[in-house]
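Please open the structure in the viewer and keep the selection tool at hand.

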Amino acid sequence: MAVFSELESDPTGKVPGMPGAKLDAGKSPVRRGLLEYFPRACLEVAKVSAGGAKKYTWNGWESVPDGIARYGDAEVRHICEAVINGPIDPDMNLLHAAHEAWDAMARLELVLRKLEPDKKHEARLEDERTR
């Protein structure tokens, strides 16, 4: 017998176990709702990630002390810099808007992690450190 959550359902009304059933009603449409809506923005934010990893280290942002406040400050600094000096950040030659988005996403990720009841991400980080 298949095990599934009582909350899971097929958006077309198919019963679990029926051919073509997919229990994804109400789940986040990450591909359609993020990547397909904002492909250019995602690519630019990824460039900021790569530049930051080159300048610092991959995943180093996750352990910045007081990261929620500091990434919020960085986001606003990029907004101000774009208004004062134009759209391109001279350090990485990328749009300040891409840096703003990256900082907002880093801050949001840290906020969400802080609100999580369990710490799955800490286990993942520990696993990555031991590789």
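Begin with the protein chain as a whole: among its contacts between residues at least 6 apart in sequence, 45% join residues at least 24 apart, where contact means heavy atoms within 4.5 Å. This is a predicted model, in which local features need pLDDT of at least 70 and side-chain atom pairs count only at pLDDT 80 or more, while totals for chains, interfaces and linings use all residues. Residues are numbered from 1 along each chain as its sequence is written, and side-chain values use heavy atoms, with hydrogens and water left out.

**The whole chain**

Colour the protein chain by secondary structure to find five helices and two strands. Their order along the sequence is α-α-α-β-β-α-α. Helices (H or I, at least four residues) and strands (E, at least two) are DSSP runs, numbered from the N terminus.

Next, show the surface. The protein chain exposes about 10,000 Å², of which carbon and sulfur atoms supply 59%; accessible areas come from the Shrake-Rupley method with a 1.4 Å probe, and for residues only the protein chains shown count as cover. Of the 131 residues in the protein chain, 21% are buried. Buried means under 20% relative accessible area, exposed over 50%, and partly exposed in between (1.4 Å probe, protein chains only).

**Before the first helix**

Select K22, in the segment before α1 (30-35). Is K22 buried or exposed? With 53% relative accessibility, K22 counts as exposed. Apart from neighbours within four places in sequence, K22 is in contact with S9, D10 and P11. The C-alpha atoms of K22 and P11 are separated by 7.9 Å, although the two residues are eleven apart along the chain.

Now select K27 and E8, whose side chains meet in a salt bridge (3.3 Å, N to O). This pair links distant parts of the chain, 19 residues apart, with both K27 and E8 in the segment before α1. A salt bridge is a side-chain nitrogen of Lys or Arg within 4 Å of a carboxyl oxygen of Asp or Glu. K27 is partly exposed at 48% relative accessible area, and E8 is also partly exposed, at 27%.

**A patch on the surface**

Select V30, L34, L35, Y37 and F38 together; they make a nonpolar surface patch of about 510 Å². Patches are made of residues with over 30% relative accessible area and no salt bridge, like charges being joined within 9 Å and nonpolar side chains (Val, Leu, Ile, Met, Phe, Trp, Tyr) within 5 Å. Within this group, Y37 is found in the loop between α1 and α2 (39-55). Y37 has a relative accessible area of 60% and is therefore exposed.

R31 counts as exposed at 60% relative accessibility, whereas E36 counts as partly exposed at 46%.

**Helix α2**

Select α2, which has 17 residues and reaches 24 Å from its first C-alpha to its last, close to the 24 Å expected at 1.5 Å a residue. The expected span of a helix is 1.5 Å times one less than its number of residues. Within α2, the residues V45, V48, G51, G52 and A53 are buried. The buried residues of α2 pack against β2 (94-95) and α4 (96-115).

Stay on α2 and pick E44 and K47, which are three residues apart, about one turn of the helix. Their side chains meet in a salt bridge (2.8 Å, N to O). E44 is partly exposed at 22% relative accessibility, as is K47 at 43% relative accessible area.

Move to α4, where the buried residues include H96, W102, D103 and R113. Then select A98, which touches E44, V45 and V48, not counting residues up to four places away in sequence.

Which residues make up the largest nonpolar core? Select V45, V48, W61, Y71, L94, A98, W102, A106 and L110, nine residues in all. α2 and α4 each supply at least two residues of this core, and α4 gives the most, with four. A nonpolar core is a set of buried Ala, Val, Leu, Ile, Met, Phe, Trp, Tyr and Cys residues joined through side-chain atoms within 4.5 Å.

**Last stop**

Finally, select E62, E109 and R113, which are linked in a network of salt bridges. The structure holds five salt bridges.
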